[in-house]
Amino acid sequence: MKSNNSSNYDLFIKAGQTESNYWKDLWRYRELFYILTWRDLKVRYKQTVLGIAWSVIRPLLTMIIFTIVFSGVAGLPSEGNAPYAVMVYVGLLPWQFFANALSESSNSLVSSANLISKVYFPRLIIPTASIITACVDFFISFILLLFLMLIYQYVPSWKIIFLPFFLIIAFLAAFGVGLLLTAMNVKYRDFRYIIPFIIQFGVYISPIGFSSNIVYEKLGKKMIDMNMPWLTEYLTTLYALNPMVGVIDGFRWSIIGNAQMNWVMFGISIAMCLLILVYAIYYFRKTEKTFADII
Amino acid sequence: MSQSQSIIRVENLGKKYDIGNKQQERYQSLRDVITNKVKSAFSKPQKNTTSKEFWALKDINFDIQQGDRVGIIGRNGAGKSTLLKVLSRITEPTTGSIAIKGRIASLLEVGTGFHPELSGRENIFLNGAILGMGRKEIKSKFDEIVDFSEVEKFLDTPVKRYSSGMYVRLAFAVAAHLEPEILIVDEVLAVGDSKFQKKCLGKMGEVSSQGRTILFVSHNTTFVRNLCNKGIWLDRGQIKQTGSTTEVINSYLSSMHDQTFDENSELHNTLNRRGNGDVRFSKILITDKNDIESSDFLSGQDIKFNFEAKINKNLSSLSVCMMFKSPTGEIVTSTPLKDISIFLETNKKDYFISFSILLEKNPFRAGEYEMYFWLGESNEKFFDLVDSVLPPLQITTDKEEKELGYNPAAPYGFFDINTHILSSK
């Protein structure tokens, strides 16, 4: 009788029950997704003088500093045959994307509080739209990479055809972490302070100014010096748990011709990235229904 | 069961909120969570010491047939907005179920998602999408929307440069062109000038005549009467009455007038009232000049406020003051402190006094006004203050605002009212 009833209706809301048509709804609300993305892009650089140029200036300045510090001062070697600046920039691209996506998405729900408390739509749309704006910045700063390679007369490897694959992984990493943080930020506003810290911390634990191979090499040597070679494996695994390690290594591998790639570590990174993503979606879906009450 | 026509079916619906010491902050801080966890780890579990359950809705059952225009009425905090939020899927019910047939759109606020930096044109598309319209649908209705909003000249200006009137009109215009099978509308018509309100009501009536279903919440019983054919009266989270609009509104209104005499009403709940309590209002009754109770008045009509107060202490001086807040929340007018010491008796306490204030030719514009009543001796020393008395004062006009010499887009501003104390009832 009950099931008979519900089949007559298009929508059935029951306490404590996850909606079966959530994913269908996501598709139905795609227009809202497009328009929110468009809005985010449109208002992003309103009332700024340099506007979209900021998405070039920031990675460019960071690249210059990193090249000076890590290559000039610390004297670290580059990856393969690439000029140090190119290697840094290739690493910066996905990192900047990740950092932007994180800071944009983590605030997205809280800053759309009035929307969330007044209209229904799959909440997933909001953080996703904000990550797309970070994608646009990524493509603009990617153009700068082409110029950089032109200046250094550097020809990328044929493996660049795999770049879209790594780009997708970068997106998934940003999406997973961003989704998790934005959902938590709704409930615990502490994350407002945690996120800048994560980003700052990430710069040092991700292979941005240096290559992963340097880390593996130096770490191995150091452990042998300290007479604890068995520790190396654990430490490198710990290092590779950072999803951005895999993403950045992948970017370098596909652009820089003779770059070395530790596929095991890459696998760990990617597995971690997917794990976070799955948990993030689960957590988001679980807390989503209460957003309107607590935001 | 007339199953085939039922378009919304609500069974045993309930929504619980936990309120407690975290009432001021809706979101938690991680520190609180951690300290609470640590505390509870070291102490015996105490049940519900800090949080209290509050059922915003309880045991709600109703069926809505296709083409019904249902007005939901009730006092502030009766659960009207919560019901709409649950129905429009913004928040999840705690118990029960809802079955809905057809596309549903809810309008709980005008201009939801309007972005100040974007132009009027862009905001039409943005707002339309937020309300659930497709791009094609908006495009096909675009000219109609612009026409309706009367802002075509400023279509490419960012809405942050709009006057509040223009902003509201544009927002309404988009909303008025929503054409879902079920439309849910919250108190959104409380703002905007009366001419525009009428235009919107007309539009909504048009929509419903095409067989669409409307759920409408408003304090303004006149609106509900005009628009709806059925009524649901909510009281403290439960359904008190359902039936034809006239029936439900009549019993709702008569209960409202009883409220002032009701022992449970706020007037008698002296615990959370401000002031030192030497004098307390015990009865407030609003009538027209001929002593007929009402909360709805025409602009320009005389309004009589009849008070009864209990004097708990031996006093020699007493003043009264009234204050009004506009629909947009600003104080628009207040009386000076009016000396009513003549009503006091010397060397006596624990007695009642009654007095009336006549407001001649009220200069209020159409809208709802929250009322505040104050009793005291001086600005520094006050005995009692009754906040936002219910129902609010409802002013309607039969003329257009422009004829009355108002600029509908202008803010309410502060004005004077002409009042005097009537020596006896």
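User: Which strands are joined by bridges, and how do they run?

Analyst: Look at E1 of chain A and E4(B). Four bridges join strand E1 (residues 11-14) of chain A to E4(B), and the strands run antiparallel. This is a predicted model. For one bridge pair, take Ile13(A), whose partner in E4(B) is Ile98(B).

User: How many residues of chain B are in contact with chain A?

Analyst: Start with the general idea. The size of an interface is often given as the accessible area lost when the parts come together. Here we have residue counts instead. On chain B, 36 residues are in contact with 32 residues of chain A. Strand E4 (95-100) and helix H3 (120-130) of chain B each supply at least two residues of that side. E4(B) gives the most, with six residues. By class, the side of chain B that touches chain A has 13 nonpolar, 15 polar and eight charged residues.

User: What does the secondary structure of chain B come to?

Analyst: Eight helices and 19 strands. Of the 425 residues of chain B, 39% count as buried. Now take contacts in chain B between residues at least 6 apart in sequence: 74% of them join residues at least 24 apart.

User: Why does Leu145(A) count as partly exposed?

Analyst: Count neighbours. A residue is buried if 20 or more other C-beta atoms lie within 10 Å of its own. Leu145(A) has 19 C-beta neighbours inside 10 Å, so Leu145(A) counts as partly exposed.

User: Where is Leu145(A) found, and what is it in contact with?

Analyst: Leu145(A) sits in helix H7 (residues 125-151) of chain A. Leaving aside neighbours within four places in sequence, Leu145(A) is in contact with Tyr89(A), Val90(A) and Leu93(A). Leu60(A) is 85 residues away along the chain, yet the C-alpha atoms of Leu145(A) and Leu60(A) are separated by 9.5 Å.

Conventions: Residues numbered from 1 in each chain as written. Chains lettered and ligands numbered in written order. Predicted model: local features only at pLDDT ≥ 70, side-chain atom pairs only at ≥ 80, totals over all residues. Buried ≥ 20, exposed ≤ 12 C-beta atoms within 10 Å, placed from the backbone. Contact = placed C-beta atoms within 7 Å. Nonpolar A, V, L, I, M, F, W, Y, C, P; charged D, E, K, R; others polar. Pairing = 2+ DSSP bridges.
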